[in-house]
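Biologist: I have a structure open and would like to walk through it with you. Could we start with the charged side chains and then move on to the rings?

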Amino acid sequence: MKVLVVGSGGREHALIKKLRESKAAPQLYCAPGNGGIACDAVCAPVKATDITGMVEYCKQEAIDFVVVAPDDPLAMGMVDALEAAGIPAFGPTGRAAAIEGSKVFAKGLMKKYGIPTAQYETFSQEQEAMAYIRQRGEYPVVIKADGLALGKGVIIAQNEQEAAAALDSIMKDKIFGDSGNQVVVEEFLTGPEVSVLAFTDSKTILPMVSSMDHKRVGEGNTGPNTGGMGCIAPNPHYTKEMADLCMERIFLPTMRAMNEEGRPFKGCLYFGLMLTPKGPYVIEYNCRFGDPEAQAVLPLLDGDLLEIMQAIREERLDQVPVGWKPGASACVILASGGYPVQYEKGKKISGLDAGGQCPGAVVYHAGTQQREDGFYTAGGRVLGVSATAGSLPEALEKAYAAVEDIHFEGMHFRRDIGKY
């Protein structure tokens with residue numbers, strides 16, 4: 001069976017490594033992939049957002065099943081195009097992917113169906129947004145670009161000056177392109193953050209092990225937001241009682257709301273939650289596996305990922321076994337010097353074997369290129385070093401021990417993953 005994963009980062013590498021364990025023993029492909037993924041799958045030079053090119057490649061290679069992993073192609077309707085061409089695909093339709101593709105849609109959905117989320121207003125004019133912020137006079141205030149922005153489209157402004165600068169950069173300077181045509185201005189919530197990925201076929205929803213992403217670039221949760229600097233699973237703040245509450249107030253209502261709206265969601269639905277003093281609130285939805293969450297959560301999956309994905313597509317998720325291994329998982333991201341702003345590529349990576357791995361952990365490649373003499377950096381987030389163990393301290397110890405063996409010029413990482 002030929003299975004293609006669309007994308008080129010650490011999340012895609014984590015999916016491929018898990019798919020390799022399937023009893024169907026699939027032949028794996030990745031488009032476009034990266035240097036490390038090439039050790040586990042056949043890489044094809046098709047851009048993740050090239051819908052026509054992807055459909056053509058699948059026909060040419062007689063691909064049997066496609067996993068569309070990133071947000072952009074999902075929001076653009078790649079699953080719809082593949083299915084229309086008779087190619088079975090995992091992931092939501094373009095209409096269902098709007099739950100991530102448009103913050104305005106997602107907030108409206110939660111308001112309509114009574115799903116707990118921060119108070120908000122949406123604006124398409126900068127002056128009106130600023131007038132509303134001044135009138136409320138409450139800081140910090142959260143300002144979000146409406147569309148996709150590589151996980152970086154959220155600015156927390158501490159005062160009026162910062163709010164004005166944030167609106168300027170999003171709506172006037174268009175730092176996130178057309179994603180900034182509209183903004184959502186919402187109240188600032190406090191409490192521990194939790195990421196919960198869930199398998200859903202629009203009839204059944206099965207949450208995965210909870211996780212904690214570390215978004216800020218610096219230790220102590222300082223500096224600008226990134227795509228994620230590390231992750232642990234399970235999240236220590238997420239108790240059995242909290243999980244039951246989230247299922248009742250958030251997970252099932254969201255699945256049902258999407259069905260009501262004629263946008264049934266089939267795939268991996270990501271819930272970004274804040275555990276506030278008033279209970280759990282939704283900060284954001286994603287229409288796919290998180291990155292780096294996938295690199296911490298998937299190693300704990302006790303089940304056949306390919307079988308689960310096929311069952312989701314065929315709306316029979318309740319018929320396949322999905323379990324979770326005991327213990328904990330930790331992932332530490334190694335980033336290029338200067339990330340998440342400007343950074344150089346092409347730095348030689350030492351400490352990896354010919355398969356792009358090192359002892360004691362699993363290395364997921366995010367931004368790497370393979371040359372004759374080894375691996376080189378080719379992105380902002382370069383590697384995700386993941387380890388599992390019986391407890392979180394042991395998993396962290398294993399991951400950080402492996403990190404010590406890996407080097408490249410300008411490499412930086414957070415030494416406090418799991419502490420916040």
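Biologist: Which residues are linked with Lys17 and Arg20 in a network of salt bridges?
Modeller: Lys17 and Arg20 are linked in that network with Asp40, where a salt bridge means a side-chain nitrogen of Lys or Arg within 4 Å of a carboxyl oxygen of Asp or Glu. Please keep in mind that this is a predicted model, in which local features need pLDDT of at least 70 and side-chain atom pairs count only at pLDDT 80 or more, while totals for chains, interfaces and linings use all residues. Residues are numbered from 1 along each chain as its sequence is written, and side-chain values use heavy atoms, with hydrogens and water left out.

Biologist: Why would such side chains pair up at all?
Modeller: Side chains of opposite charge can pair when their charged atoms come close.

Biologist: And how many salt bridges does the structure hold?
Modeller: The structure holds 26 of them, and one is formed by Arg288 with Glu100, whose closest N and O atoms are 2.7 Å apart. That pair links distant parts of the chain, since Arg288 lies in the loop between β17 (279–286) and α10 (293–297), whereas Glu100 belongs to helix α5 (residues 94–101), 188 residues apart. Helices (H or I, at least four residues) and strands (E, at least two) are DSSP runs, numbered from the N terminus.

Biologist: Is Arg288 buried or exposed?
Modeller: Arg288 counts as buried because its relative accessibility is 10%, and Glu100, at 6%, counts as buried too. The cut-offs are under 20% relative accessible area for buried, over 50% for exposed, and partly exposed in between, with a 1.4 Å probe and protein chains only.

Biologist: What about a pair inside one helix, such as Lys240 and Asp244?
Modeller: Lys240 and Asp244 both lie in helix α9 (residues 240–260), four residues apart, which is about one turn of the helix, and their side chains meet in a salt bridge at 2.8 Å, N to O. Lys240 counts as exposed at 56% relative accessibility, while Asp244 is partly exposed, with a relative accessible area of 41%.

Biologist: Changing topic, how many aromatic pairs are there in the whole structure?
Modeller: A search finds seven, a pair being rings of Phe, Tyr or Trp (its six-membered ring) with centres within 6.5 Å, called stacked if the planes are under 30 degrees apart, edge-to-face if over 60, and tilted for the rest. Phe90 and Phe289 have ring centres 6.5 Å apart and planes at 35 degrees, so this pair is tilted. Phe90 sits in strand β5 (residues 89–90) and Phe289 in the loop between β17 and α10, 199 residues apart. Both Phe90 and Phe289 are buried, and together with Phe199 they form one aromatic cluster.

Biologist: Which charged end sits over the ring of Tyr376?
Modeller: The charged end of Arg371 does, 3.9 Å from the ring centre, where the rule asks for NZ of Lys or CZ of Arg within 6 Å of the ring centre and within 35 degrees of the ring normal.

Biologist: Where is Tyr376 found, then?
Modeller: Tyr376 is found in strand β23 (residues 374–377), and it is buried, with a relative accessible area of 10%. Its side chain makes a polar contact with the side chain of Asp373 at 2.7 Å, a polar contact being a pair of N or O atoms within 3.5 Å; within protein, one must be able to donate a hydrogen and the other to accept it, and residues adjacent in sequence count only if both atoms are side-chain atoms.
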